[in-house]
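Please have the sequence and structure open while reading.

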Amino acid sequence: MEQKIKVKVLRFDPEKDEAPYYKTYEVPVEGPMSVLALLKYIYEELDPTLAFSGEHICYKGVCGTCIATVNGKVERTCMVIVNPGEEVVVEPPKGQPVVRDLVVDPGKQISTKDGVFLIKQGAIIEIKKRKC
């Protein structure tokens, strides 16, 4: 019998979507998988429009490139393991401007004679209440 993990992802493209929405994917698995591996499977096999940070990273939980909110807690997606039959909710990191889906803008630091500024682009999404 094929085992599956349900992955519910908060999707949003500020340039074309009126509001964020959740999309659920069912990923066939043979055993436990990291959230990052699940996102890569979704991108490669189910939905190539999914945007997330997952390339050129350490896979050791050190660099922080793969950070997202997983089941309500900010986590390194390469370190969070999900078992077959479970469901996981993945959202962008809280308080960060969303460029698209799970990709956020960490900002660019600019130093001027007037001070040091952190410039970010994107849309801030604050989840007030989930219906799922």
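Leaving aside its neighbours within four places in sequence, which residues is Leu 38 in contact with (heavy atoms within 4.5 Å)? They are Ile 5, Val 7, Val 27, Val 29, Met 33, Val 82 and Val 88.

## Basis

This is a predicted model, in which local features need pLDDT of at least 70 and side-chain atom pairs count only at pLDDT 80 or more, while totals for chains, interfaces and linings use all residues. Residues are numbered from 1 along each chain as its sequence is written, and side-chain values use heavy atoms, with hydrogens and water left out.

## Nonpolar core

A nonpolar core is a set of buried (under 20% relative accessible area, 1.4 Å probe, protein chains only) Ala, Val, Leu, Ile, Met, Phe, Trp, Tyr and Cys residues joined through side-chain atoms within 4.5 Å. The largest one has 23 residues, and those touching the most other members are Val 7, Val 9, Val 35, Leu 38, Leu 39, Val 88 and Val 90. At least two core residues come from each of strands E1 (3-11), E2 (21-29), E4 (67-70) and E7 (87-91) and helix H1 (35-46). H1 gives the largest share, 5 residues. Helices (H or I, at least four residues) and strands (E, at least two) are DSSP runs, numbered from the N terminus.

## Helix H1

The buried residues of H1 are Val 35, Leu 36, Leu 38, Leu 39, Lys 40 and Ile 42. Their cover includes E1, E2, E4 and E7, along with strand E3 (33-34) and strand E6 (81-82).

Methods. Buried < 20%, exposed > 50% of the residue type's maximum accessible area, 1.4 Å probe, protein only. Contact = heavy atoms within 4.5 Å.
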